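User: I've got a model open and I'd like to learn how to read it. Could you walk me through a few features?

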Amino acid sequence: MTRFVTFEGIEGCGKTTQIRLAAAWLAERGIPVLATAEPGGTPLGRKIREVLLKRGSFAIGAEAELLLFAAARAQHVRQAILPALRAGQWVLCDRFADATLAYQGFGRGLDAGFIRTLNDFSALSLSPDRTLLFDLPVEAGLARAEKRTAGVWAEAAEDRFEREDKAFHGRIRDGYLNLAAGEPERFRIIDGAADVETVHREVCLRLAELL
Ligand SMILES: Nc1ncnc2c1ncn2[C@@H]1O[C@H](COP(=O)(O)OP(=O)(O)OP(=O)(O)O)[C@@H](O)[C@H]1O
Ligand SMILES: [Mg+2]
């Protein structure tokens, strides 16, 4: 049995914070784990991430954006995720195919059926064994993300997603909840508004279900 767990939710919901804590928690238990992220996780993925984050000097339409995320995923699955799963490692992934449905589908209005087909092609039909959805109000997530941007990670200041209007992020949040309702066995919804330690304890309980 593989253990492929994805971390999903709107900006600032705590994915990156929680994936780090979760990877450390598994490692402390002697469990081999790969913690990775999309777009990213491979040299190509990191180049694509840079293009997506540092746009501003050129336009990227919704369709081109969708294909860039798909290209990053195609490489990521083949080069990093599947080899790790085959080697018996747990794989924790910060965003995956659900993010494409939430952002490019629910957010930007691209055809969900086509996105699902593209996701399957990119990911060799690999689906997470469990998806943790960190849910919290859009305002709370964006406020956190802005605070972080004002700090050390200057690159994020370029992140266009964070400058989109609240309605867009509202559609993403609702989109994620819709996806979760459609696959209750795979999804676990976690209250992302709680403090870091409380959320981490909840994540550990969910991971323990797979031990
Ligand atoms: N439970 C929490 N309570 C308060 N602040 C938090 C909590 N979790 C994370 N943060 C802080 O909020 C900011 C955003 O968290 P994090 O980067 O983990 O979110 P993210 O979901 O990865 O966001 P993005 O989608 O933009 O990458 C960080 O500064 C982090 O320290
Ligand atoms: Mg993050």
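Analyst: In α4, the buried residues are Ala-97, Asp-98, Ala-99, Thr-100, Leu-101, Ala-102, Tyr-103, Gln-104, Gly-105, Phe-106 and Gly-107. This is a predicted model, where local features need pLDDT of at least 70, side-chain atom pairs count only at pLDDT 80 or more, and totals for chains, interfaces and linings use all residues. Residues are numbered from 1 along each chain as its sequence is written, while chains are lettered from A and ligands numbered from 1 in the order in which they are written.

User: How do I read "buried" and "helix" here?

Analyst: Buried means 20 or more other C-beta atoms within 10 Å of a residue's own, exposed means 12 or fewer, and partly exposed is in between, with C-beta atoms placed from the backbone. Helices (H or I, at least four residues) and strands (E, at least two) are DSSP runs, numbered from the N terminus. Because 11 of the 11 residues of α4 are buried, this helix is largely enclosed by the rest of the structure.

User: Which residue with positive phi follows α4?

Analyst: That's Gly-109, with phi near 80°.

User: And why does Lys-47 count as partly exposed?

Analyst: Lys-47 has 16 C-beta neighbours inside 10 Å, so it counts as partly exposed. You'll find Lys-47 in helix α2, residues 43-53.

User: Which residues are closest to ligand 1?

Analyst: A residue is near a molecule if its C-beta atom, placed from the backbone, lies within 6 Å of it. Here 15 residues surround ligand 1, and the closest are Gly-14, Lys-15, Thr-16, Thr-17 and Arg-144. α6 gives the most to that shell, with four residues.
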